[in-house]
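Trainee: I have a new structure open and I'd like to learn how to read it. Could you take me through it feature by feature?

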Amino acid sequence: MLGLRRAAAALLPLRAGAPAAAAMSTLLVSQPRYAWLRELGLQEENPGVYNGRWGGGGQVVTTYCPANNQPIASVRQASLEDYEETVKKAKEAWKVWADIPAPKRGEIVRQIGDALRQKIKVLGSLVSLEMGKIFVEGVGEVQEYVDVCDYAVGLSRMIGGPILPSERPGHALIEQWNPVGLVGIITAFNFPVAVYGWNSAIAMICGNACLWKGAPTTSLISVAVTKIIAKVLEDNKVPGAICSLVCGGADIGTAMARDERMDLLSFTGSTKVGKQVALMVQERFGRSLLELGGNNAIIVFEDADLNLVIPSALFAAVGTAGQRCTTARRLFLHESVHDEVVAKLAKAYAQVRIGDPWDSDTLYGPLHTKEAVKMFLDAVEQAKQQGGSVVYGGKVIDRPGNYVEPTIVTGLPHNAPIVHTETFAPILYVLKFKEEEEVFAWNNEVKQGLSSSIFTKDLGRIFRWLGPKGSDCGIVNVNIPTSGAEIGGAFGGEKHTGGGRESGSDSWKLYMRRSTCTINYSKDLPLAQGIKFQ
């Protein structure tokens, strides 16, 4: 997730304007067409701090619709004083939350999921409006949070450690898992709902309080989601600060990274910023969960089913306008199928329906910001300078908003500098290979290690791909795209992707601390390893 990746917004300076630059009458929230925003409790100016009550004494930030660059509404960000107050309230709220039995915590998380279900279409519409992804993806993102809530409910009755055999008679050896305390969650613009859901739903059933800082460019989504959660917490008569919100920029993100009261910091963003976060957290011997860059590859062998390859590559490269951390950026084609796949893929690209993201017929919307458009153009130019040929796209689309053409580039070597650079835009580098061994090595030669996929019918090759000399990524697929992960598996990657895991499998362990406990229920005191100390 380099270039303009999914959380350049997390600690970097925010893209914003004061309401003076966008008169109230010009805000979309004030126009009848967007009256549905009121259903989410949004106004012209919205408080961006929640800790049991709403407030905010920091900068006022206006967010913009990527499809037309018109101002939507504004959010008053957190000041450092707001942050300090919110951390204190979140720590106090944790004392109440930790005493509630896990299954009862799960019941409250279930209610959060139900509340999101009731608002799924209107909240999905806000994701389309403020982030820019198409409506079905916006709704799908809210559905992902709902699904994680459902998963967390079951998990709330299952988390725990084993009872281990003790070598000493009259002794019990057990693992005890307890919540870490306060979990800071810094999320990104490209998944402004789901990533918070992955973290918060699991963290909550584990017994933690959460403090959320979303991307400044999607602050309205952060406010709307928090309003839904706050109502559930209020109805259950538990402290609202269990799910606190501090909208803000680099100052708030840095404060979270350096704060020893932050027992775990989950950061989703670029490798560049993630490295800064990791160093600040490690300097205080804190815990971090990092979801960073991805330079993901699809490998197509000579025996691949091209009826699967073409739609998979199209979705993986073009979905969310190339702004997923799991977006396919490299497509390795066996030399025997290279020309056929490129021709078919270019034809498929030409059929992609481009339009307003909230129109149900649209498959491809805008990039999130004007800066992203510039990064797209710079990357296309670098690809040309390094020997690449643009066989489809490569230009800005002449219409309002931040629209660019989905782009296919061929003819570059596998190790070209631009190929090894993650540009957060819909650019697919198509590369030719001959042998399995070389292309597996090429898949692994980039610094990131998030997602990867091969297309083949060879059973031996499949298991070599899954094995120790195969893909070095955290997500290793066969005959499906690199993107579109399910919530039941652990999501995350290796190397410069950060090593963190969120959502399913045993990711819950990252939100808890483990104690190994030995209990002597006898009247004797035998020592381990047979030691005699008399």
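Trainee: How many cavities of 30 Å³ or more does a search of the whole structure find?

Mentor: On a 1 Å grid over the protein atoms alone, a cavity is a set of points where a 1.4 Å probe fits but cannot get out. Grid points are joined across faces, edges and corners, and a volume is the space filled by probe spheres set on the points. Here the whole-structure search turns up one cavity of 30 Å³ or more, and the largest cavity has a volume of about 30 Å³. Keep in mind that this is a predicted model, where local features need pLDDT of at least 70, side-chain atom pairs count only at pLDDT 80 or more, and totals for chains, interfaces and linings use all residues. Residues are numbered from 1 along each chain as its sequence is written, and side-chain values use heavy atoms, with hydrogens and water left out.

Trainee: Which residues line the largest cavity?

Mentor: Lining residues have an atom within 4 Å of a point. Among them are Gly132, Lys133, Thr320, Ala321, Tyr364 and Pro366. You'll find Ala321 in the loop between α10 and β14. Helices (H or I, at least four residues) and strands (E, at least two) are DSSP runs, numbered from the N terminus.

Trainee: Is Ala321 buried or exposed?

Mentor: Buried means under 20% relative accessible area, exposed over 50%, and partly exposed in between (1.4 Å probe, protein chains only). Ala321 has 3% relative accessibility, so it counts as buried. Asn69 is another non-glycine with a positive phi, about 60°, and its place is the loop between β4 (60-64) and β5 (71-76).

Trainee: What about pockets? Where does the largest share of the lining of the largest pocket come from?

Mentor: A pocket is an open set of points with protein on both sides within 12 Å along at least five of seven lines. The largest one holds about 360 Å³ of space. Its lining has 22 residues, and Glu144, Phe191, Arg324, Gly484 and Ala485 lie nearest the centre. The largest share, seven residues, comes from α5; α5 (135-155) and α6 each supply at least two residues.

Trainee: Now the inside. Which residues touch the most other members of the largest nonpolar core?

Mentor: In soluble globular proteins, nonpolar side chains tend to be buried together. A nonpolar core is a set of buried Ala, Val, Leu, Ile, Met, Phe, Trp, Tyr and Cys residues joined through side-chain atoms within 4.5 Å. The largest core here has 85 residues, and Leu123, Leu126, Tyr145, Tyr196, Met204 and Val225 touch the most other members. Helix α7 (residues 219-235) gives this core its largest share, 10 residues. There is also a second, separate core of 54 residues, including Val300 and Phe455.

Trainee: What is Leu126 in contact with, leaving aside its neighbours within four places in sequence?

Mentor: Contact means heavy atoms within 4.5 Å. The partners of Leu126 include Trp36, Leu40, Met131, Leu220 and Ala224.

Trainee: How many aromatic pairs are there in the whole structure?

Mentor: A pair of aromatic rings is described by the distance of the centres and the angle of the planes. Rings of Phe, Tyr and Trp (its six-membered ring) pair if their centres lie within 6.5 Å; planes under 30 degrees apart count as stacked, over 60 as edge-to-face and the rest as tilted. The search gives 11 pairs. Trp198 and Phe491 make a tilted one, at 4.8 Å centre to centre and 45° between the planes. Trp198 belongs to helix α6 (residues 194-205) and Phe491 to strand β21 (residues 490-491), so this pair ties together parts that are 293 residues apart in sequence. Both Trp198 and Phe491 are buried.

Trainee: What kind of pair do Phe301 and Phe440 form?

Mentor: Their centres are 6.2 Å apart and the planes are at 85°, so Phe301 and Phe440 are edge-to-face. Ring pairs also link Phe301, Phe433, Phe440 and Trp465 into a cluster.

Trainee: Which charged end sits over the ring of Phe301?

Mentor: A charge sits over a ring if NZ of Lys or CZ of Arg is within 6 Å of the ring centre and within 35 degrees of the ring normal. For Phe301 that is Arg461, 3.9 Å from the ring's centre. Elsewhere, Lys227 lies over the face of Trp54, at 4.6 Å from the ring centre.
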